[in-house]
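Please look through the sequence and the model shown here before reading on.

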Amino acid sequence: MKKITALLLALILLISLAACGAGNNSGGNNAGNHTGENGQDEPSPEPEPEPEPEPEPYHIYDPTVMPEGGVRDGVAYTAYDGIVEHLFFHPVIAYPELAFDGDSQEKGLDDYMVTATEFSRILESVYERGYVLVDIADVWSETTDENGNAVMVRNTLYLPEGKKPLILSYDDTNYYEYMLENGFAYKLILDEDGKIASWGKDPQGNEVVSRDLDAIPMLDKFVEEHPDFSPFGAKACLSVTGYEGILGYRTQTDSTIEWTDEMEAFRQSEIEAVKPIIAELKRTGWTFGSHTFGHIRLGTLSMEKIQRDTQRWFDEVGSLVGPTNVLFYPHGERPDGDDWKQTGPVFQYLQSQGFRILCSVGIESFSAIKKDICAVICDRLHPDGTTLRSKYVDQRYGQFYDVREIIDLDARPDYGVNWQ
Ligand SMILES: [Zn+2]
């Protein structure tokens with residue numbers, strides 16, 4: 001913990017120094033002072049002003065607009081109104097030996113997660129099969145019908161000829177405390193090139209900065225190597241809670257304990273530290289959605305608690321990641337027990353708070369525009385241990401991959417598979 005704090009402080013110091021240095025070089029010797037040979041403090045020689053590393057330009061295009069002349073970068077585009085597939089992941093397991101070590105978490109991690117190796121194989125496969133990434137918020141839009149009512153409509157997408165659209169979302173990219181000992185990344189950071197990387201510890205306890213051990217930098221890297229996988233620049237929508245902060249930074253308050261000035265100072269330092277990470281993610285095609293503050297059950301919890309939770313998400317998470325109209329139901333649990341046949345009070349409340357795209361989990365990429373309220377509901381498929389072992393995997397996931405080439409049976413516990 002000490003190390004993390006020291007690192008953070010160093011980072012904050014660097015950031016504030018960079019900020020100070022931007023407009024004022026003359027007073028900036030407080031950082032570089034050293035004691036000279038004669039024992040007197042003497043100012044460091046004025047350092048060569050280091051140019052801020054220019055981030056590589058990143059282009060984001062609107063898939064609902066046909067490129068001029070129907071061609072961009074020599075690629076012909078064509079209208080697409082078919083199904084938009086949607087896969088979701090949790091943070092991926094960087095070190096299976098820590099995840100699958102026989103402790104009480106093992107079964108849950110096997111059920112709901114994929115390993116970094118499996119994730120990489122899935123990306124390769126969907127890419128080879130002609131899927132291209134689109135952002136969830138581009139697939140539907142809010143408009144007004146002939147009676148003046150707000151409604152959601154499905155957009156026509158203009159895709160490179162022959163390609164199929166794919167939405168990705170990543171749930172719980174908070175890097176919860178329980179994950180840290182179980183083989184996951186601890187947090188996202190900016191590496192020395194200013195790119196998103198993960199920071200964590202290997203099984204021997206060594207600190208590791210990598211772009212190959214977490215699904216966020218892995219996808220960034222994959223798109224760098226295969227730009228045609230993301231013709232619009234889209235990555236995934238990050239579905240975040242708030243009760244243990246976001247992206248590995250402990251930005252949350254805690255009303256169950258006495259909140260001290262020291263805790264608040266640490267929280268503020270975490271908030272400052274996560275801001276550049278959020279900014280870089282957004283600049284490079286990542287978007288954010290709510291997964292509720294407390295990972296709550298929207299089908300059973302009281303309205304009062306749901307309202308309090310929602311407000312807290314806006315206060316502690318939305319204030320950092322910006323506005324969103326996407327909500328991912330925790331546990332896939334539908335508001336009011338059902339959001340498909342009825343529109344209950346919880347759904348109405350959530351919609352009134354600005355959510356228009358409300359996502360559950362299912363056996364296909366089902367979506368439906370609600371008729372009685374301006375909203376769309378959609379189910380997502382979930383590559384994870386339950387489906388990788390399922391006898392239905394070919395039927396439900398066969399368009400994305402051949403499970404035999406994906407599942408890492410050497411790394412996973414020996415729970416068997418239900419396919420031939
Ligand atoms: Zn979740």
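Strand E12 (residues 196–201) contributes the most to the lining of the largest cavity, with four residues; strands here (E, at least two residues) and helices (H or I, at least four) are DSSP runs, numbered from the N terminus. This is a predicted model, in which local features need pLDDT of at least 70 and side-chain atom pairs count only at pLDDT 80 or more, while totals for chains, interfaces and linings use all residues. Residues are numbered from 1 along each chain as its sequence is written, and side-chain values use heavy atoms, with hydrogens and water left out.

The largest cavity has a volume of about 50 Å³, and its lining consists of Ala94, Tyr95, Phe184, Ala185, Ser198, Trp199, Gly200, Lys201, Val208 and Leu213. On a 1 Å grid over the protein atoms alone, a cavity is a set of points where a 1.4 Å probe fits but cannot get out, whereas a pocket is an open set with protein on both sides within 12 Å along at least five of seven lines; lining residues have an atom within 4 Å of a point. Grid points are joined across faces, edges and corners, and a volume is the space filled by probe spheres set on the points. By class, seven residues of this lining are nonpolar, two are polar and one is charged, where Ala, Val, Leu, Ile, Met, Phe, Trp, Tyr, Cys and Pro count as nonpolar, Asp, Glu, Lys and Arg as charged, and the others, Gly among them, as polar.

Strand E12 also has a partner: four bridges join it to strand E11 (residues 187–190), and the two run antiparallel, pairing being assigned if DSSP finds at least two bridges between two strands. Ser198 of E12 is the bridge partner of Leu188, and Ser198 is also among the residues that line the largest cavity. E11 and E12 form a hairpin with five residues between them, and Gly194 in the turn has a positive phi of about 80°.

A separate open sheet has three strands in the order E3-E4-E9, with antiparallel pairing. Its edge strands, each pairing on one side only, are E3 (71–72) and E9 (157–160). Two bridges join E3 to strand E4 (residues 75–80), and Val71 stands opposite Ala76 in E4.

Ser290 itself belongs to strand E15 (residues 287–290). Because its relative accessible area is 2%, Ser290 is buried, a class that means under 20%, with exposed over 50% and partly exposed in between (1.4 Å probe, protein chains only). A polar atom of the Ser290 side chain lies 3.0 Å from the backbone nitrogen of Thr292.

Which residues hold the metal? The zinc ion is coordinated by Asp172 (OD), His291 (NE2) and His295 (NE2), at 2.1 Å; donors are N, O and S atoms within 2.8 Å of the metal (3.2 Å for Na, K and Ca), and sites may look incomplete because water is not among the atoms. Along the sequence these donor residues are spaced D-x118-H-x3-H. His291 counts as buried because its relative accessibility is 1%.

His331 lies in the loop between strand E16 (326–328) and helix H10 (345–352), and has a positive phi of about 60° although it is not a glycine. At 45% relative accessibility, His331 counts as partly exposed.

Tyr175, in the loop between strand E10 (164–171) and helix H6 (177–180), likewise has a positive phi, near 55°, in a residue other than glycine. With a relative accessibility of 1%, Tyr175 counts as buried.

Note on methods: A polar contact is a pair of N or O atoms within 3.5 Å; within protein, one must be able to donate a hydrogen and the other to accept it, and residues adjacent in sequence count only if both atoms are side-chain atoms.
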